[in-house]
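Subject: Structure for you to look at

Hello,

Here is the structure I said I would pass on. Please open it and keep it beside this message while you read.

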Amino acid sequence: MSKHGRILVAMSGGIDSSVAAIMLHEQGYEVIGLTMKTWDYASSGSSSKETGCCSLDSINDARSLAVDYGFPHYILDIREEFGNFVIDNFVDEYLAGRTPNPCVLCNTHIKWEALMKRADKLDCEFIATGHYANIRQENERYVVSKGLDDNKDQSYVLWGVSQYNLSRTKLPLGSFRKTEIRQMAMDMNQIDLANKSESYEICFVPDNDYRSFLRHRVPDLEQKVDGGNFVMSDGTIVGKHKGYPFYTIGQRRGLGIAMGEPVFVTRIHPETNTVVLGREDELLKSEALVRNFNLIKYGSIQEPIEAVTKIRYKDAGTMSTIVEENDKIKVSFDHSVSAIAPGQSAVFYEGNDLLGGGFLC
């Protein structure tokens, strides 16, 4: 009988999830490792070498580590449900003129649910991942807070995890810095693991070229959308573009148009295949609406709350006031923010605590 019970650990083969599994094993948990195959690189049309969490090398690395430490390891093929949900949503969002956030969807709707389902079948009380964030119980809520390492904090992508799933989740890396995790791997004599590089790309877009992915995924896309109009905010047509799905709010480079001054994508109208350009100050907004939100720290936000709102992963955040209005959250920023991209996540913080998040309208 283990000291703390049985726990299912999501193992990508990378350093973070591997060290998390070893830590829990050494703490006395009965660890079971699980590697999820979410994507087949051959299906992406990419010419890049298969790397990252779904590669055969990564799967083998996770299994090898489990063998070394004497705990079971399984591979779970979720390519069909991943493709049906995450990838279809990714494509649909771009075709709707929005900028998707696939990692949030994958974490909350695919990986956590798949882990929970398998945890129940294996009689595991808990699941664990290598995310840099923390979870605590407070006022009958399970609250996510930022990881100690500001540069690695991943609380942003966890805003959609349900209270029930949080109640059964352990995040052992939240109170450590990445440098400490690398040193742990060295001390465990996992030299190759400690020296592993990290990938920051979307797993199913290995060369980080989402435009090429869309062309491969949607037959005749270029022919359907090529030749739409670039227009200024006053409606003046200033050129032709390659198709509205290939542009994002705030984009300046790669427009292929010379205006004599810097111009940025300020709006996208898919129904007319129109991309609106403007000066940088035209990207500034003082308010935003957020849809499909999930609240973490509180059950509701009926009265206005002051919060720091991040409108993208690497955003430093802006002080704001948030309140629920019907089925959305209204965000009023203390000072205007630039390049609010519909489809991206808006995530709310009270100090280090994650209040919740949703998708920008």
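At what angle do the axes of helix α3 and α4 cross, and within what distance do they come? Please bear in mind that this is a predicted model. Helix α3 covers residues 79–95, and helix α4 covers residues 102–121. Their axes cross at roughly 150° and come within 10 Å. The cut-off for roughly antiparallel is over 145 degrees, so α3 counts as roughly antiparallel to α4. The crossing of α3 past α4 is right-handed. On the α3 side the contact is made by Glu81, Phe82, Phe85, Val86, Asn89 and Phe90. On the α4 side Pro102, Leu105, Cys106, His109 and Ile110 take part. Sorted by class, the contact of α3 with α4 has 8 nonpolar, 2 polar and 1 charged residues.

Next, the parallel sheet. An open sheet of 5 strands runs in the order β3-β2-β1-β4-β7, and its pairing is parallel. The edge strands are β3 (73–77) and β7 (169–170), each of which pairs on one side only. Helix α4 packs on this sheet and touches β1, β2, β3, β4 (126–128) and β7. The direction of α4 makes about 135° with that of β2. Within the sheet, strand β1 (residues 6–10) pairs with strand β2 (residues 30–37) in the parallel sense over 5 bridges. As background, strands of a sheet pair through backbone hydrogen bonds, either parallel or antiparallel.

Helix α1 (residues 15–27) packs against helix α6 (residues 178–187) at an angle of about 65°, and their axes are 10 Å apart. Here α1 passes α6 in a left-handed crossing. From α1, the contact uses Ile15, Asp16, Val19 and Met23. From α6, it uses Lys178, Ile181, Arg182, Met184 and Ala185. By class this contact of α1 with α6 has 6 nonpolar, no polar and 3 charged residues.

Then there is the mixed sheet. An open sheet of 4 strands has the order β9-β8-β11-β10, with mixed pairing. Strands β9 and β10 (264–269) are at the edges with a single partner strand each, so one side of each has no neighbour in the sheet. On average, neighbouring strands of this sheet are turned by 30° against each other, direction ignored. Strand β8 (residues 229–232) pairs with strand β9 (residues 237–240) in the antiparallel sense over 3 bridges. One of the pairings to find is Phe230, whose bridge partner in β9 is Gly239. Together β8 and β9 form a hairpin with 4 residues between them. In the turn, Gly235 has a positive phi of about 95°.

Last, the whole chain. The protein has 9 helices and 17 strands. Its C-alpha atoms fill a box of roughly 70 × 50 × 35 Å along the principal axes. For 361 residues, a compact globule would have a radius of gyration near 21 Å, and the protein has 22 Å, which agrees.

Regards

Terms used
Residues numbered from 1 in each chain as written. Predicted model: local features only at pLDDT ≥ 70, side-chain atom pairs only at ≥ 80, totals over all residues. Heavy atoms only, no water. Pairing = 2+ DSSP bridges. Helix = DSSP H or I, 4+ residues; strand = E, 2+ residues; numbered from the N terminus. Contact = heavy atoms within 4.5 Å. Axes fitted to C-alpha atoms, helices over the stretch in contact; angles between N-to-C directions. Left-handed = near helix turned anticlockwise from the far one by under 90°. Nonpolar A, V, L, I, M, F, W, Y, C, P; charged D, E, K, R; others polar. Parallel < 35°, antiparallel > 145°, perpendicular 65-115°, else oblique. Rg over C-alpha atoms; globule rule 2.2 N^0.38 Å.
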